[in-house]
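I opened this notebook to keep track of what I looked up in the structure. The entries follow the order in which I looked.

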Amino acid sequence: MENNQSLDPRVNRLQLNVSGEPVVVRDGENWNVFEVFHQEKRGAHHEHVGCVHAPNAQLALVFAKEQFGRRKKCVNLWVVRSADILAFNTEDEDMFANNLEKTYRDASGFKVMEKINRYKKSGKE
Amino acid sequence: MNRAINNLLTAMADDALIQGHRNSEWTGLGPIMEEDIAFSSMAQDKIGHAWALYRILQEDLNGSDPDRFAFLRNEKDYRCCHLAEQPNGEYDFSLVRHFLFDHAEAVRYGRLEQSSFAPLQPLARKLKGEIKYHTLHANAWVSQLCRAGEDSYIRMQAALNRCFPLALGLFEPPEEEAELVATAVYPGEKALQEEWLDRIYNILSPAGLNLPAMEDVTPAYGGRRGYHTEYLQPLLNEMGAVFRTDPEAIW
């Protein structure tokens with residue numbers, strides 16, 4: 001049997017059976033990829049920071065804590081199976097193409113401060 | 001009185017140091033990258049716990065420099081239990097040992113938050129979060145591996161059978177324990193062991209693992225009195241090798 005000479009256990013342990021054939025692990029069969037979201041302080045958005053490889057969500061969370069929660073400030077983490085995320089295809093990018101022309105959708109046109117100042121003034125009188 | 005506290009803290013610190021060193025031997029060899037990082041990180045935490053206790057010995061009890069104390073003692077002067085001394089073996093053994101060890105830490109430090117020996121209170125509060133993560137990690141692995149097929153389950157039960165008598169050595173009473181209990185430094189090893197058994201039972205039972213019956217096992221005592229297994233001396237040789245090349249060096 002021709003063993004892989006790599007010192008990396010993840011590589012040489014792939015040849016587990018006597019015949020030397022690599023063991024095939026199908027996508028999602030044992031281990032899954034989980035996306036990790038990091039929250040810097042309470043009330044803040046969870047931001048995507050990367051992913052971990054784990055057999056279940058509980059262990060994904062356990063791994064995520066050391067992968068992504070041990071350096072900068074962190075108060076909470078989310079994990080979600082990457083396969084559970086639904087996304088558009090890259091070729092559908094054209095759906096978003098005209099966004100820049102539709103400036104009337106920007107919230108910047110509202111003049112709230114004027115109203116507030118008017119209200120404050122009326123209170124003083 | 002100081003002698004009694006000294007014995008207790010030395011035993012706790014030596015457990016953390018030796019267990020931390022053993023766990024660090026997995027660095028780079030863990031079963032997967034994520035677990036390698038998590039396990040190494042927790043090994044570092046344990047060395048940190050040992051250091052914090054050696055510092056208390058130095059500052060509050062006239063002890064010597066933590067590095068010299070950690071690396072230059074004779075084997076007989078260490079107070080660690082036999083559980084921590086065992087070579088890593090397979091990952092199942094290391095995981096079950098980590099599970100039993102860290103639940104014992106959680107119980108011990110939990111009670112030390114109310115210790116009459118003041119320096120232990122802030123330390124116990126500070127380590128609470130770290131130890132909580134350690135037990136969460138261990139619990140997650142125990143429940144995962146007990147449901148991962150027959151081979152996995154059999155290995156976990158075998159590792160538990162082997163670790164359990166060794167783990168009882170974590171609760172070997174230190175010298176002058178009665179004095180520590182009487183002065184409310186801590187509640188004593190028997191009380192800690194009872195609480196620990198409850199805690200681990202609550203995780204092991206849903207996982208389908210059976211704790212060996214108490215009357216069938218002999219606790220691995222001796223470590224607290226300086227009697228060690230054949231595995232400690234080689235570990236000490238390796239752990240202190242760099243330090244001993246120049247004990248006066250400033251790092």
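Before comparing helices I noted how the angles are taken: axes are lines fitted to C-alpha atoms, for helices over the stretch in contact, and angles run from 0 to 180 degrees between N-to-C directions. I also noted that this is a predicted model.

Entry one: helix 5 and helix 6 of chain B.
I looked up helix 5 (residues 91-112) and helix 6 (residues 120-145) of chain B, and found that their axes come within 8 Å and cross at roughly 150°. Angles over 145 degrees count as roughly antiparallel, and helix 5 and helix 6 of chain B are therefore roughly antiparallel to each other. I recorded the crossing of helix 5 of chain B with helix 6 of chain B as left-handed. On the helix 5 side of chain B, the residues making the contact include B:Leu95, B:Phe99, B:Ala106 and B:Tyr109.

Entry two: helix 5 and helix 7 of chain B.
I then turned to helix 7 (residues 150-168) of chain B, which packs with helix 5 of chain B at an angle of about 50°, the axes being 9 Å apart. That angle makes helix 5 of chain B oblique to helix 7 of chain B. This crossing of helix 5 and helix 7 of chain B is right-handed. Helix 5 of chain B contributes B:Asp92, B:Phe93, B:Val96, B:Arg97 and B:Leu100 to the contact, while the residues from helix 7 of chain B include B:Met156, B:Leu160 and B:Cys163. I sorted the contact of helix 5 with helix 7 of chain B into eight nonpolar, no polar and four charged residues.

Entry three: helix 10 of chain B.
Which residues of helix 10 (residues 232-239) of chain B are buried? I found B:Leu232, B:Leu235 and B:Leu236. They lie on the same side of helix 10 of chain B, because they cover an arc of only 100° around the axis. B:Pro234, B:Asn237 and B:Glu238 are exposed on the other side of helix 10 of chain B. I noted helix 1 (2-24) and helix 4 (82-85) of chain B among what covers the buried residues of helix 10 of chain B.

Entry four: chain A against chain B.
I looked up the contact between the chains and found 15 residues of chain A touching twelve residues of chain B. Helix 2 of chain A supplies the largest share of the chain A side, seven residues. That side of chain A has seven nonpolar, four polar and four charged residues.

Note on methods
Residues numbered from 1 in each chain as written. Chains lettered and ligands numbered in written order. Predicted model: local features only at pLDDT ≥ 70, side-chain atom pairs only at ≥ 80, totals over all residues. Parallel < 35°, antiparallel > 145°, perpendicular 65-115°, else oblique. Left-handed = near helix turned anticlockwise from the far one by under 90°. Contact = placed C-beta atoms within 7 Å. Nonpolar A, V, L, I, M, F, W, Y, C, P; charged D, E, K, R; others polar. Buried ≥ 20, exposed ≤ 12 C-beta atoms within 10 Å, placed from the backbone. Arc of directions from axis to C-beta.
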